[in-house]
Amino acid sequence: MSGPAAAPHDASQTANEHTEEHHMTSTELPDPATWFGGRPRIMFVHAHPDDETITTGGTLAALAAAGQEPLLVTLTRGERGEVVDGPFHHLQGTDALAPHRQGELAAALFMLGIERHVFLGVEPARADGAPPVIYEDSGMVWGPDGRAAAAPDASPDALTRAPAVEALNDLLSAAHGAGAQGIVSYDDGGGYGHPDHVFAHRIARAVAAALGLPFWEIVAEDDPALLAATGLGASEEAVSADAAGAIPIEVHGIEHWLDRKTAALRSHATQLTVDGDDIVHVGGQRQPISRREAFRLRPLATDAAEQAE
Ligand SMILES: [Zn+2]
């Protein structure tokens with residue numbers, strides 16, 4: 001992928017993007033340095049490998065390219081997920097799946113330019129003095145309401161069976177040690193109900209409250225507030241009120257970083273395939289690759305966010 005100018009590619013990429021920004025207006029190219037209140041060290045808390053890319057990959061790539069310092073904490077290694085038909089299908093249900101998915105995640109983060117990544121339970125995302133622990137994927141089943149529900153056979157080592165205080169302390173250590181200035185995770189419903197996502201919301205939001213940091217929840221593509229912002233999504237300035245008219249959302253147009261997001265998605269080959277502009281999930285469900293990513297600052301943290309500035 002290297003071009004004729006043989007400078008180290010990360011450095012030249014950054015330099016080129018900075019040059020472009022100077023020649024383009026902010027309406028053409030969003031400035032990620034202004035996202036999340038201009039705070040450079042945002043900690044993203046995701047449940048499984050691939051979640052970081054599907055829901056926040058463009059934002060992560062943009063922040064990294066802009067010289068910000070996003071940090072990713074992944075809670076599990078996706079041990080319970082199904083495997084796409086193909087060369088790695090035999091890994092499903094085996095102990096070899098977790099290390100394989102760790103490798104896929106590493107490749108995805110390379111594509112996104114993310115260098116700061118830890119798994120929960122491992123230093124520095126482990127409370128002082130405790131030996132490392134692996135929090136496993138809790139698994140899920142589809143409920144009658146079309147939302148994910150807890151799997152009846154979650155392993156004893158599953159994230160949702162671990163003492164919540166232990167996982168909470170580990171995440172607190174990660175945030176404190178990294179000097180996080182804000183936290184991003186799912187909404188209270190975990191986006192679509194997966195118990196690991198709901199758990200991620202709880203501990204991420206609790207850590208934000210404990211440290212007095214702003215907490216942003218990821219806004220789903222079909223959220224009424226985001227739909228209302230349609231047409232504004234190309235600009236980082238796009239903000240819309242939610243259905244109650246009270247809580248603004250921040251919409252990131254990530255078109256400029258879409259290639260990186262797509263390359264990162266392709267790295268998660270045991271979980272999904274990329275078909276044109278769509279993600280095809282292991283169960284066959286199609287989902288367009290989002291060209292915008294939206295975040296809602298939760299009100300309990302608003303005062304802390306303002307006071308910290
Ligand atoms: Zn997930």
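Notes on the predicted model

1. Helix α4 is followed by G179, whose phi is positive, near 65°. Helices here are DSSP runs of H or I with at least four residues, strands are runs of E with at least two, and both are numbered from the N terminus. Residue numbers start from 1 along each chain as its sequence is written. The model is predicted, so local features need pLDDT of at least 70 and side-chain atom pairs count only at pLDDT 80 or more, while totals for chains, interfaces and linings use all residues.

2. Overall, the protein has eight helices and 13 strands. Of its 309 residues, 43% count as buried (20 or more other C-beta atoms within 10 Å of the residue's own; exposed is 12 or fewer, partly exposed is in between, and C-beta atoms are placed from the backbone). Among contacts with a separation of 6 or more, 69% are between residues 24 or more positions apart; a contact requires C-beta atoms, placed from the backbone, to lie within 7 Å.

3. Helix α4 covers residues 164-178 and has 15 residues. From its first C-alpha to its last it reaches 21 Å, close to the 21 Å expected at 1.5 Å a residue (the expected span is 1.5 Å times one less than the number of residues). A167, D170, L171, S173, A174 and A175 are buried in this helix. Their cover includes the strands β1 (42-46), β2 (71-74), β3 (117-119) and β6 (182-185), together with helix α5 (195-211).

4. Helix α2 (residues 51-65) also has 15 residues, and its end C-alpha atoms are 20 Å apart, which agrees with the 21 Å it should span. It contains a kink of about 80°, centred on G57; the bend is the angle between axes fitted to the seven residues ending at a residue and the seven starting there. α2 is mostly covered, with 15 of its 15 residues buried. G67 follows α2 and has a positive phi, near 85°.

5. Helices α3 (residues 97-112) and α7 (residues 258-267) pack with their axes 8 Å apart, at an angle of about 170°. That makes α3 roughly antiparallel to α7 (over 145 degrees; under 35 is roughly parallel, 65 to 115 roughly perpendicular and the rest oblique). Axes are lines fitted to C-alpha atoms, for helices over the stretch in contact, and angles run from 0 to 180 degrees between N-to-C directions. On the α3 side, E104, A107, A108, M111 and L112 meet R260, A263, A264 and S267 of α7.

6. An open sheet is formed by three strands in the order β10-β11-β12, with antiparallel pairing (pairing needs at least two DSSP bridges between two strands). Its edge strands, β10 (272-275) and β12 (286-288), each pair on one side only. Neighbouring strands in this sheet are turned by 30° against each other on average, direction ignored. Strand β11 (residues 278-281) is joined to β12 by three bridges, and I279 stands opposite Q287 in β12.

7. Not counting residues up to four places away in sequence, L226 touches V219, E221, I249, V251 and A294. Its C-alpha atom is separated by 10.0 Å from that of R296, 70 residues apart along the chain.

8. H89 lies in the loop between β2 and α3. H89 counts as exposed because it has 12 C-beta neighbours inside 10 Å. Leaving aside neighbours within four places in sequence, H89 is in contact with V83 and V84. The C-alpha atoms of H89 and T270 are separated by 7.4 Å, with the two residues 181 apart along the chain.

Conventions: Two residues are in contact if their C-beta atoms, placed from the backbone, lie within 7 Å.
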